[in-house]
Amino acid sequence: MHDDNYWMQQALLLAVKAEEQGEVPVGALIVIDDEVVAEGYNNPVTTHDPTSHAEIEAIRAAGESLGNYRLCGATLYVTLEPCVMCAGAIIHARIDRLVYGASDPKAGAAGSLFDLLPPDHRFNHKLEVSSGVMARQCSAQLSNFFKRRRAENKAKTKYAVVSLQFAGKP
């Protein structure tokens, strides 16, 4: 039987696929009985779909694969704390357990900014949440992506200014 670190490593590999497409590197997979039933990664820019987060992609694929929108017995592994939209989908899918790596203080809905996945019985479904699994690696992947993106944007801006100056425009 594989442990949480093993599955999170698989989610990190999916996040690389997102990054290769120029997307924010977030990967997710759904496991039932120690077997992957679905996976997903961020691709809202590529698909022109703001709901195309890694978690949503994995939940959709799992529903298709299993022929059921209820994912009872499932564990969702994701490299970044889910947002409000994804937290809602996790609840509606009846996922039993959420395991995430990096916390998201700007948009996290599993305790960082919002706590939409409480361990009590406010919902008709109880969800176990495990946070911080391989957090350092998950955070580094995201930080490195944004660092590169800022550098690329800065270089583009500098190139545009130099081009305008060369063309004799202020």
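**Note on the predicted model of the protein chain**

1. Charge. The 17 positive and 20 negative charges of the protein chain have mean positions 13 Å apart. Lys and Arg count as positive and Asp and Glu as negative, while His and the chain ends are not counted; each charge is placed at NZ of Lys, CZ of Arg, CG of Asp or CD of Glu.

2. Basis. This is a predicted model, in which local features need pLDDT of at least 70 and side-chain atom pairs count only at pLDDT 80 or more, whereas totals for chains, interfaces and linings use all residues. Residues are numbered from 1 along each chain as its sequence is written, and side-chain values use heavy atoms, with hydrogens and water left out.

3. Overall make-up. The protein chain has five helices and five strands, and their order from the N terminus is α-β-β-α-α-β-α-β-β-α. Helices (H or I, at least four residues) and strands (E, at least two) are DSSP runs, numbered from the N terminus. The C-alpha trace spans about 65 × 30 × 25 Å along its principal axes.

4. Burial and surface. Of the 170 residues in the protein chain, 40% count as buried. Buried means under 20% relative accessible area, exposed means over 50%, and partly exposed lies in between (1.4 Å probe, protein chains only). The chain exposes about 9500 Å², and carbon and sulfur atoms supply 56% of this area. Accessible areas come from the Shrake-Rupley method with a 1.4 Å probe; for residues, only the protein chains shown count as cover.

5. Contacts along the sequence. A contact means heavy atoms within 4.5 Å. Among contacts between residues at least 6 apart in sequence, 58% join residues at least 24 apart.

6. Strands 1 and 2. Strand 1 (residues 27-32) and strand 2 (residues 35-41) pair in the antiparallel sense over six bridges; two strands pair if DSSP finds at least two bridges between them. L29 has E39 of strand 2 as its bridge partner. The two strands form a hairpin with two residues between them, and D33 in the turn has a positive phi of about 55°. D34 also lies in the loop between strand 1 and strand 2, with a phi near 65°, a positive value in a residue other than glycine. D34 is partly exposed, at a relative accessible area of 22%.

7. Strand 3. Six of the six residues of strand 3 are buried. Strand 3 runs antiparallel to strand 1, to which four bridges join it, and V31 stands opposite T75 of strand 3. Strand 3 runs parallel to strand 4, with five bridges between them; here T75 has R97 of strand 4 as its bridge partner.

8. Helix 4. Helix 4 (residues 84-93) has C86, A87, A89, I90, I91 and A93 as its buried residues. Their cover includes helix 3 (54-66), strand 3 and strand 4 (97-102). Just after helix 4, R94 takes a positive phi of about 65°.

9. Aromatic pairs. The whole structure holds three aromatic pairs. Rings of Phe, Tyr and Trp (its six-membered ring) pair if their centres lie within 6.5 Å; planes under 30 degrees apart count as stacked, over 60 as edge-to-face and the rest as tilted. W7 and Y77 form a tilted pair, 6.4 Å centre to centre with 35° between the planes. Because W7 lies in helix 1 (residues 4-20) and Y77 in strand 3 (residues 75-80), the pair ties together parts that are 70 residues apart in sequence. Both W7 and Y77 are buried. F145 and F146 form an edge-to-face pair, 5.1 Å centre to centre with 75° between the planes. F145 is buried, with a relative accessible area of 6%, whereas F146 is partly exposed, at 32%. Y6, W7 and Y77 form one aromatic cluster.

10. Q141 in helix 5. Q141 is found in helix 5 (residues 135-166) and is buried, with a relative accessible area of 13%. Leaving aside neighbours within four places in sequence, Q141 is in contact with L12, A15, V16, E19 and P25.

11. H48. H48 is placed in the loop between helix 2 (44-47) and helix 3. Its phi is near 60°, a positive value in a residue other than glycine. H48 counts as exposed, at 71% relative accessibility.
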